[in-house]
Amino acid sequence: MTGPDDTYTCDACGSTTDRSEALRRETMGGLDPDRWQTLCCPDCGARLKTVLVGE
Ligand SMILES: [Zn+2]
């Protein structure tokens, strides 16, 4: 199941990253890390998007 939401373009370096290739980090700001993760650019480390994971 793929779609346009599964690819992110980095605002910092312009690299396009597939969701499966993005670095995953815990969110900042107190969101539950079991439910939310921050996807980061594997090239420069900039934050791409905060996504809901798990159930
Ligand atoms: Zn980048």
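Trainee: Two residues are in contact if their C-beta atoms, placed from the backbone, lie within 7 Å. On that basis, what does P33 touch, not counting residues up to four places away in sequence?

Mentor: P33 touches E26 and T27. One caution first. This is a predicted model, where local features need pLDDT of at least 70, side-chain atom pairs count only at pLDDT 80 or more, and totals for chains, interfaces and linings use all residues. Residues are numbered from 1 along each chain as its sequence is written.

Trainee: Fine. Where is P33 found?

Mentor: In the loop between strand 3 and strand 4. Strands here are DSSP runs of E, at least two residues long, and helices are runs of H or I, at least four, both numbered from the N terminus.

Trainee: Is P33 buried or exposed?

Mentor: P33 counts as exposed because it has 12 C-beta neighbours inside 10 Å. The cut-offs: buried is 20 or more other C-beta atoms within 10 Å of the residue's own, exposed is 12 or fewer, partly exposed is in between, with C-beta atoms placed from the backbone.

Trainee: Let's zoom out. How many helices and strands does the chain have?

Mentor: There are 0 helices and 5 strands. From the N terminus, the elements run β-β-β-β-β.

Trainee: And why call the chain as compact as a globular protein of that length?

Mentor: Its radius of gyration is 11 Å, close to the 10 Å that the globule rule gives for 55 residues, so the chain is as compact as a globular protein of that length. That radius is taken over C-alpha atoms, and the rule is 2.2 Å times the number of residues to the power 0.38. The C-alpha trace spans about 30 × 25 × 15 Å along its principal axes.

Trainee: What share of the residues is buried?

Mentor: Buried residues make up 11% of the 55. As for reach along the sequence, take contacts between residues at least 6 apart: 31% of them join residues at least 24 apart.

Trainee: How many bridges join strand 4 to strand 5?

Mentor: 5 bridges, and the two strands run antiparallel; strand 4 covers residues 36-40. Look for Q37, whose bridge partner in strand 5 is V51. L39 stands opposite K49, also in strand 5.

Trainee: A cysteine! Which residues does C44 contact, leaving aside its neighbours within four places in sequence?

Mentor: C10, A12 and C13. C44 and C10 are 34 residues apart in sequence, and their C-alpha atoms are 8.7 Å apart. C44 counts as exposed, since it has 11 C-beta neighbours inside 10 Å.

Trainee: Back to T27, then. Where does it lie?

Mentor: T27 lies in the loop between strand 3 and strand 4. With 15 C-beta neighbours inside 10 Å, T27 counts as partly exposed.

Trainee: What is T27 in contact with, sequence neighbours within four places aside?

Mentor: P33, W36, Q37, T38 and T50. T27 and T38 are 11 residues apart in sequence and 5.2 Å apart, C-alpha to C-alpha.

Trainee: Last one: L52. Which strand holds it?

Mentor: Strand 5. L52 is exposed, because 10 other C-beta atoms lie within 10 Å. Beyond four places in sequence, L52 is in contact with R35 and W36.

Methods
Two strands pair if DSSP finds at least two bridges between them.
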